[in-house]
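Me: I would like to learn how to read some features of a protein model. Could we take them one at a time?

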Amino acid sequence: MRRLSLFSKILFGAISLFLVLLIAFLCVLWNWLSAYEVSLSKNIAAAVVKDIESGSLDIKTVKKTDFDLDADIKAYFENFKGKEIGVFKTAGSTEADNTFVLKADDEHIATVFVKENGEKGSFGFTQFQLESITIHSKTETFTIKTPKSYKVLVNGIEVGSKYISNEASADPLAAFLPKDVEPVQYVEYTVSKPIIFHGVSASDGKKTEQVTLNEGETVYTVKPFSQNELASAHTDFIFTAMKAYSYYLFEKKDFSTVTPYLEHGSPFYKKSATIDNNWVRGHSGCQFKNETFTDFYKYDENTIACHFKMDVVMNRWGKGEYTDKIDMTLILRNKGNGYKIYNSMSVAE
């Protein structure tokens, strides 16, 4: 057998050593790359996606307002089960930023915030953990105006004092009340709109009522709850007085026909005495429809308020029916000779 020369032995040994070192280097490199890949903060966001897709997301990690309900947050993410969710960097971010946007069908559904956990992994790579998740939604706030003594709830959760934005909000009727009558003390809250908004309600300690936002309004106004027990004592008077007032306005009756219902010298008395009713077109009489009496409130022993609405229908000669709407809050006062109309605030005011 031919023996290898010394040179061949050295060459073969060098090649073998090189191959061993190369294999060792490649193993180390493979392990380094694997450790690096595992250490990426993006993996935390990808794990959140898997949890959403499987319906196992821990909603405790989701940031929420004081008025977001756990069931609503859970339902929100369940809407994206079965959809393809992508993980993206936020606009303008760098590699060092650990904030990720989750999108489904180009819809921004959430933002994932990742932070270092203070530990080092293989090869000294920084380890990360989930910090929080925020649901993507418009930042909207709204205001609630309510009597100070009332408790206000959003989604059934009480609005705390930290949300007070105005501690001394004016009573809308304050300028229309007699000077010696104390107006209602109001307070305003400004609240961030929850992800799913179920509504506003208010409680006076005895009952709870829903509060609606009427068309054109921007503030949920909680009026003092209607004291309906006042209706039986004052509804007939108000209806009779406002019919006389309508005849005075629309049929040009003498002012004396309405004065029995007005407090002499009061703001409503003066306003009625000087009102211009010459614009009324000829018609064959008034009909009164759809009268309502709401928001009864007793300011003191001799002063009450009531919101009154009524349609006054007139049949104009040759021009068909014309309807004028009366919509005002009436203030009645008793100065010893029974309740009379003291003042009024129309919707326009």
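Reply: Start with Lys-145, which lies over the face of Tyr-186, at 5.2 Å from the ring centre. A charge sits over a ring if NZ of Lys or CZ of Arg is within 6 Å of the ring centre and within 35 degrees of the ring normal. Lys-63 lies over the face of Phe-113, with 5.8 Å to the ring centre.

Me: What should I know about the model and its numbering?

Reply: The model is predicted, so local features need pLDDT of at least 70 and side-chain atom pairs count only at pLDDT 80 or more, while totals for chains, interfaces and linings use all residues. Residues are numbered from 1 along each chain as its sequence is written, and side-chain values use heavy atoms, with hydrogens and water left out.

Me: How is a pair of aromatic rings described?

Reply: By the distance of the centres and the angle of the planes. Rings of Phe, Tyr and Trp (its six-membered ring) pair if their centres lie within 6.5 Å; planes under 30 degrees apart are stacked, over 60 edge-to-face, and the rest tilted. The count by this rule is 15 aromatic pairs. Tyr-150 and Phe-225 make a tilted pair, 4.9 Å centre to centre with 55 degrees between the planes. Tyr-150 is in the loop between strand E5 (141-147) and E6, and Phe-225 in the loop between E12 and helix H4 (231-250), so the pair ties together parts that are 75 residues apart in sequence. Helices (H or I, at least four residues) and strands (E, at least two) are DSSP runs, numbered from the N terminus.

Me: Which pair is edge-to-face?

Reply: Phe-197 and Tyr-220, because their ring centres are 6.3 Å apart and their planes stand at 75 degrees. Phe-197 lies in the loop between strand E9 (186-192) and E10, and Tyr-220 in strand E12, so this pair ties together parts that are 23 residues apart in sequence.

Me: Are these residues buried or exposed?

Reply: Buried means under 20% relative accessible area, exposed over 50%, and partly exposed in between (1.4 Å probe, protein chains only). Tyr-150 and Phe-225 are both buried. Tyr-220 is buried at 10%, whereas Phe-197 is partly exposed at 25%.

Me: How do strands make a sheet?

Reply: Two strands pair if DSSP finds at least two bridges between them. Here four strands form an open sheet in the order E7-E6-E10-E11, with antiparallel pairing. E7 and E11 are at the edges with a single partner strand each, so one side of each has no neighbour in the sheet. Strand E6 (residues 151-154) is joined to strand E10 (residues 200-203) by four bridges, and Val-154 stands opposite Val-200. Four bridges also join E10 to E11, where Ser-201 faces Gln-210.

Me: How many residues lie between E6 and E7 in their hairpin?

Reply: Two, and Asn-155 in the turn has a positive phi of about 55 degrees. Two bridges pair E6 with strand E7 (residues 157-158) in the antiparallel sense, and Leu-153 has Glu-158 as its bridge partner.

Me: What is the volume of the largest pocket?

Reply: About 980 Å³. Of the 33 residues lining this pocket, the closest to its centre are Asn-214, Thr-221, Lys-223, Asp-295 and His-307. On a 1 Å grid over the protein atoms alone, a pocket is an open set of points where a 1.4 Å probe fits, with protein on both sides within 12 Å along at least five of seven lines; lining residues have an atom within 4 Å of a point. The volume is the space filled by probe spheres set on the points.
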